[in-house]
Amino acid sequence: MSFPTFFSQQARKPSGVFGRLVMSAIFNIGNSKLNRFVNEIMSIQENDHILEIGFGTGKLIYEMARQMDQGLIEGVDFSSTMVSIAQKRNKKHIAGGKVKLLKGNFDEMSFQKKGFNKACSVNTIYFWPKPENTVRKIADLLEPGGKFVAAFEDIAQLEHRQLNNEVFNLYSKEDAKTLLVNAGFLNGVSVQSRKFGSSVLNCAIAIK
Ligand SMILES: C[S@@+](CC[C@H](N)C(=O)[O-])C[C@H]1O[C@@H](n2cnc3c(N)ncnc32)[C@H](O)[C@@H]1O
């Protein structure tokens with residue numbers, strides 16, 4: 001297997017020693033600006049009920065949980081390696097009942113209760129095999145007026161990286177907007193972009 005394919009597969013679903021040591025460091029450091037951007041856009045309120053799909057090392061969940069006393073954040077990730085790292089990081093918030101971490105493939109999971117008022121997913125839309133179904137499911141789990149933030153790196157910079165494009169589906173801002181509208185976010189979809197040095201990071205913000 002070529003390194004770009006191995007790396008792309010690890011980015012999609014980290015595993016083993018490489019996942020635990022290398023991918024977790026890349027997520028913690030390399031994705032920190034995009035996660036901070038999302039944290040701001042989520043504008044956490046006291047009683048939020050939030051869903052994060054593909055939480056990785058669980059840093060964003062930790063930051064969001066710190067800002068609320070009463071709310072609940074539920075996270076889903078299908079990598080056991082990431083779930084165990086995120087569980088350690090969020091130990092205090094899990095014990096306090098503010099955070100629940102679930103291991104599984106979001107597309108295949110059923111949720112007993114709907115009623116999330118916010119949802120987010122950072123650097124994961126590239127890996128969704130049927131993105132319209134995934135986004136439709138997120139919309140269905142949100143209450144009317146609920147907000148979904150899908151964060152992704154700018155297509156031009158990802159095209160310069162050595163990634164396997166059978167693993168990574170890249171999105172332009174327009175692609176992301178079209179996906180969210182077509183999958184049921186009919187009350188407004190906008191994309192905010194920020195430049196950090198030479199990189200551009202995008203957040204598509206969709207209202208149900
Ligand atoms: C590139 S990482 C991003 C992690 C984190 N959001 C960040 O910004 O650092 C993608 C994460 O999404 C998870 N993931 C991808 N597809 C998923 C799915 N269908 N269901 C649950 N987790 C998924 C992977 O296991 C991985 O932890």
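Predicted model: local features only at pLDDT ≥ 70, side-chain atom pairs only at ≥ 80, totals over all residues.
Together with helix H4, the strands S1 and S2 make a β-α-β unit that is right-handed.

Strand S1, which spans residues 49-53, is mostly covered, since five of its five residues are buried. In a regular strand the side chains alternate between the two faces of the sheet. Here both faces of S1 are covered, with His 49, Leu 51 and Ile 53 buried on one side and Ile 50 and Glu 52 buried on the other.

Helix H3, residues 32-42, has as its buried residues Leu 34, Asn 35, Phe 37, Val 38 and Met 42. Because these cover an arc of only 155° around the axis, they lie on the same side of H3. What covers them includes helix H4 and the strands S4, S5, S6 and S7. After H3 comes Ser 43, which has a positive phi, near 30°.

The ligand, finally, is surrounded by 23 residues, of which the closest are Phe 27, Asn 31, Gly 54, Gly 56 and Ser 79. Helix H1 (3-12) and strand S2 (72-77) each supply at least two residues of this shell, whose composition by class is eleven nonpolar, eight polar and four charged residues.

How values were computed: Residues numbered from 1 in each chain as written. Near = placed C-beta within 6 Å. Helix = DSSP H or I, 4+ residues; strand = E, 2+ residues; numbered from the N terminus. Nonpolar A, V, L, I, M, F, W, Y, C, P; charged D, E, K, R; others polar. Buried ≥ 20, exposed ≤ 12 C-beta atoms within 10 Å, placed from the backbone. Arc of directions from axis to C-beta. Contact = placed C-beta atoms within 7 Å. Right-handed = clockwise from strand over helix to strand, strands pointing away.
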